[in-house]
Amino acid sequence: PHPRPPPVPRQHPRAMRWIGAIVGYFFLEWQGVFLGFLVGSVLDFIISFIRKLIYGTSDGEQQASEHPIHHLFTLSMVVLKAGGKATPAAIEYIEGSFRESFGPDAGQFLTDRLHTSDKREKLEIIQRIISKEISLEPPCNALRAAASAEELANTLRFLFGVARANGQSPRARAEVPTLARIATLLGLNDYTFNSIRDECLANDSDTSPENLKIAMHHLFTLAMAVLKAGGRATPAAVAYIESSFREAFGANAEQFLTDRLRTSDKRERIEIIQRLITREIPLETPGNALREATLPGRIDDTLRFLFGVARANGRLSRGSGEVPTLARIATLLGINVAAFNTIRDEFIANNNDSGNPFSRWRTRDSSSPDAYALLGIPDDATDDEVKKAYRLAAKKFHPDKFTHKGEAAIAAANKKFIAINDAYEKIKQARGL
């Protein structure tokens with residue numbers, strides 16, 4: 001965080017009294033222990049007095065307290081306190097950063113400050129430290145007076161690193177308000193703070209299987225809530241969820257869906273999802289979790305994904321049953337009304353009743369020839385022929401078959417796939433299948 005400063009004055013360990021006691025025991029056995037301890041105490045006093053003359057304060061304690069490493073340690077404790085815990089990873093990060101910036105003096109400082117070199121004992125002591133009140137102003141003011149703007153920015157980066165190392169969530173949401181307060185006291189403006197925050201957190205999305213599984217679980221739950229609000233789960237919607245998960249989470253997506261739905265068969269998945277959406281689906285837990293774990297600039301993508309689920313599930317308009325549920329989810333995600341309306345209109349603009357040829361289908365006699373043409377069959381086809389044509393068309397235009405052709409081909413196939421499923425749904429409704 002800073003260029004290497006002068007060495008940290010080490011506190012006098014007051015060891016002469018114990019050395020005197022040991023030496024006294026060897027010469028006079030137990031009778032010499034007291035005498036040796038007394039002589040050693042006098043020597044300790046003399047050494048302490050000499051150090052006071054050199055450093056201006058007893059044992060150089062004041063010198064140590066004014067050293068940048070002391071202030072950085074204090075601020076790192078504040079960040080750990082804001083996170084509510086101190087993990088071994090965070091302690092190792094602090095020690096490693098101190099050694100890199102301050103050299104050999106860092107190890108001695110931490111040993112003197114925590115009175116131990118044992119990692120487990122250090123962790124226990126730090127846990128006790130962060131359970132107490134820790135003032136922000138003195139260390140921030142001291143660093144602000146002694147450091148350049150670049151050094152202060154690096155200090156904030158170091159503290160974001162502490163927060164990031166301290167928890168499973170890479171976004172360090174609990175610590176961000178404290179870090180913002182520290183940035184203000186250090187004299188860093190909002191633009192600098194936001195830039196450093198995004199720099200430190202954007203490229204550190206925790207991609208461990210466990211955290212990816214948690215994120216997929218919350219997104220899947222919200223997707224089920226949207227399907228429930230629509231009253232059904234169409235093959236197109238299920239396919240949209242699967243392809244979106246694969247795009248966002250890679251190879252982990254298929255394993256998650258197989259584990260979550262206990263099958264890899266697409267037809268069985270749809271049946272299981274149909275049963276899932278008949279149950280109560282909580283919004284608060286996944287909504288709050290995703291808000292805490294996602295950077296503000298990316299939370300809108302979650303809502304866009306859910307609007308995509310609603311649109312793939314059938315006709316989407318302002319009066320659709322999914323919209324109130326999506327509005328509730330947006331609130332939980334921390335998305336304001338203006339942003340919600342923008343995203344809603346973005347998805348509804350090309351999917352309203354007047355522009356959707358399928359919106360006119362109510363019976364087999366009204367525009368249903370267009371639906372049959374889309375499936376490549378005449379309108380007098382038998383029910384079995386309709387089902388067979390749908391399966392062939394859906395298989396032909398399934399987005400999974402176009403993954404090797406690029407995003408444009410996938411988007412076009414997905415649009416066609418949705419149209420085919422809508423046509424089939426309308427024909428089934430008209431025929432009472």
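The structure is a predicted model, in which local features need pLDDT of at least 70, side-chain atom pairs count only at pLDDT 80 or more, and totals for chains, interfaces and linings use all residues. Residues are numbered from 1 along each chain as its sequence is written, and side-chain values use heavy atoms, with hydrogens and water left out.

**Overall fold**

The protein chain holds 22 helices and zero strands; helices (H or I, at least four residues) and strands (E, at least two) are DSSP runs, numbered from the N terminus. Of its 433 residues, 44% count as buried, where buried means under 20% relative accessible area, exposed over 50% and partly exposed in between, with a 1.4 Å probe and protein chains only. The chain exposes about 22600 Å², of which carbon and sulfur atoms supply 54%; accessible areas come from the Shrake-Rupley method with a 1.4 Å probe, and for residues only the protein chains shown count as cover. Among contacts (heavy atoms within 4.5 Å) between residues at least 6 apart in sequence, 74% join residues at least 24 apart.

**Helix α9**

Helix α9 covers residues 149-165, and its 17 residues should span 24 Å at 1.5 Å a residue, which agrees with the 24 Å between its end C-alpha atoms. The expected span is 1.5 Å times one less than the number of residues. Buried residues of α9 include L152, L156, F160 and A163.

**Aromatic pairs and a charge over a ring**

The whole structure contains twelve aromatic pairs. Rings of Phe, Tyr and Trp (its six-membered ring) pair if their centres lie within 6.5 Å; planes under 30 degrees apart count as stacked, over 60 as edge-to-face and the rest as tilted. The rings of Y240 and F305 are stacked, because their centres are 6.1 Å apart and their planes lie at 15°. Y240 belongs to helix α13 (residues 235-249) and F305 to helix α17 (residues 296-312), so this pair ties together parts that are 65 residues apart in sequence. Ring pairs also link Y240 and F305 with F220, F245, F249 and F256 in a cluster.

Elsewhere, the charged end of K416 sits over the ring of F397, 5.3 Å from its centre; this requires NZ of Lys or CZ of Arg within 6 Å of the ring centre and within 35 degrees of the ring normal.

T221 lies in helix α12 (residues 209-230). Not counting residues up to four places away in sequence, T221 touches I281, P282 and P286.

| Residue | Relative accessible area |
|---|---|
| Y240 | 16%, buried |
| F305 | 11%, buried |
| T221 | 13%, buried |
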